Amino acid sequence: MNYQLFRKVLFRMDPETAHNWTVRGLKWMQSASLVQKTVSKPFSVQDPRLASELWGISFPNPVGMAAGFDKNAHVYPALAALGFGFVEVGTLTPRPQSGNPRPRLFRLPEDEAVINRMGFNNHGVAAAKESFERLGHPAIPVGINLGKNKDTPNEKAVEDYTLGLKELYPYGDYFVINVSSPNTKGLRDLQHIEALQSLLTAMMNQRTESEEIHQKRKPVLLKIAPDLEIEALKEIVSTAVSLRIDGIIATNTTLSRQGLTAPAQNENGGLSGKPLREKSNEMIRHIYSVTQGSIPIIGSGGIFTGQHVIEKLKAGANLVQIYTGMIYEGPGIVKKINQELLAQMEKEQISHFTEWIGQDLHETKRRVPL
């Protein structure tokens, strides 16, 4: 109820202005440790049935904050206090950039969705390093989402991505190669197989080099678009697996406008929120069918409830990420989702959330006649 009243105030503001005010509030919250601890208690759900381990990293629950909220690694400790199981910062580019002209963020309340064409606006890798040094590491994993600068031609994109990984390697628990945002011209062309092979090979080589320097191996994941044709998706996933990528995030925002009713539907940019949910689920199912669970999948797109999380787990996801859901449901969404997951586990008499992973594919196999 409290957030619904507060949301009315926020929704009267320009969306990007509202976001900036929210970030300022989170900065204030994390500036005093007592305030942060006081805030974290009512948002926290701690239960071993929600905890898991991937890549040697412990996740206290499966619900993470997607990249795009904390673009500059300024408020990840505050987000940790809101009960998230992990937080992904960025997208970060080597050099600072302002992104696309405003307005570039649009709410679609009728569809519980958002369209953005932000364009990787961020303060750059050097500023992020300073922030990580100043704020330290929270009690949950932190992922770092990497991109290329807008004015870097695709032929030199490898240099931007490898520089980001090299410079930020000490600070992230995992890293994400973002070649799927629709808001940087030509970026999705890097999903074409030849370009992708070159990029992933360079990133794996850089990871090996950084691993030797820092004496720790850290996972590198690939974030893909939901608008890929199925055959292209399968080729991308097979290529990524063959090059020993550690995981896949499915999916980024979509260019589709199917089923929308809101007036802002004609704005250019990537769509997130409830209309993306089933499209994302379908992509996860296809990825899981190719990988057979050999590498972890982080599912993202349209999550508002515990049942939405279960859908993604059954499709093959190991963890999930939210963002738009928090805009509409408020900071209590993570606690609500985790409580709903626990309640459903009780109902189904299962001992751990991971028992749901991949059930869609397993049930399909059981239905196939001999």
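Trainee: Which residue does the UniProt annotation "active site" cover?

Mentor: Ser 181, according to the UniProt record, which is an unreviewed entry. Keep in mind that we're looking at a predicted model. In that model, Ser 181 sits in the loop between β8 (174-178) and α7 (193-214).

Trainee: Why is Ser 181 called buried?

Mentor: Buried means under 20% relative accessible area. Ser 181 comes in at 8%, so the label applies.

Trainee: What does Ser 181 touch, leaving out residues up to four places away in sequence?

Mentor: Phe 120, Leu 187, Arg 188 and Asn 252.

Trainee: What makes the buried residues of α2 line one face of the helix?

Mentor: Start with who they are: Pro 15, Glu 16, Ala 18, His 19, Val 23, Leu 26, Met 29 and Gln 30. Looking down the axis of α2, they fall within an arc of 155 degrees, so they line one face. Trp 28 and Ser 31, on the other side, are exposed.

Trainee: What covers those buried residues of α2?

Mentor: The cover includes α1 (2-10), α3 (33-43), α4 (76-81), β5 (105-108) and α5 (125-135).

Trainee: And what caps the N-terminal end of α2?

Mentor: Asp 14 does: one of its side-chain oxygens lies 3.1 Å from the backbone nitrogen of Glu 16. The cut-off for a polar contact is within 3.5 Å, so 3.1 Å for that pair qualifies.

Notes: Residues are numbered from 1 along each chain as its sequence is written. This is a predicted model: local features need pLDDT of at least 70, side-chain atom pairs count only at pLDDT 80 or more; totals for chains, interfaces and linings use all residues. Side-chain values use heavy atoms; hydrogens and water are left out. Buried means under 20% relative accessible area, exposed over 50%, partly exposed in between (1.4 Å probe, protein chains only). Helices (H or I, at least four residues) and strands (E, at least two) are DSSP runs, numbered from the N terminus. The arc is that of the directions from the helix axis to the C-beta atoms. Contact means heavy atoms within 4.5 Å. A polar contact is a pair of N or O atoms within 3.5 Å; within protein, one must be able to donate a hydrogen and the other to accept it, and residues adjacent in sequence count only if both atoms are side-chain atoms. UniProt positions are given in the numbering used here, feature names are shortened, and annotations may be inferred rather than shown by experiment.
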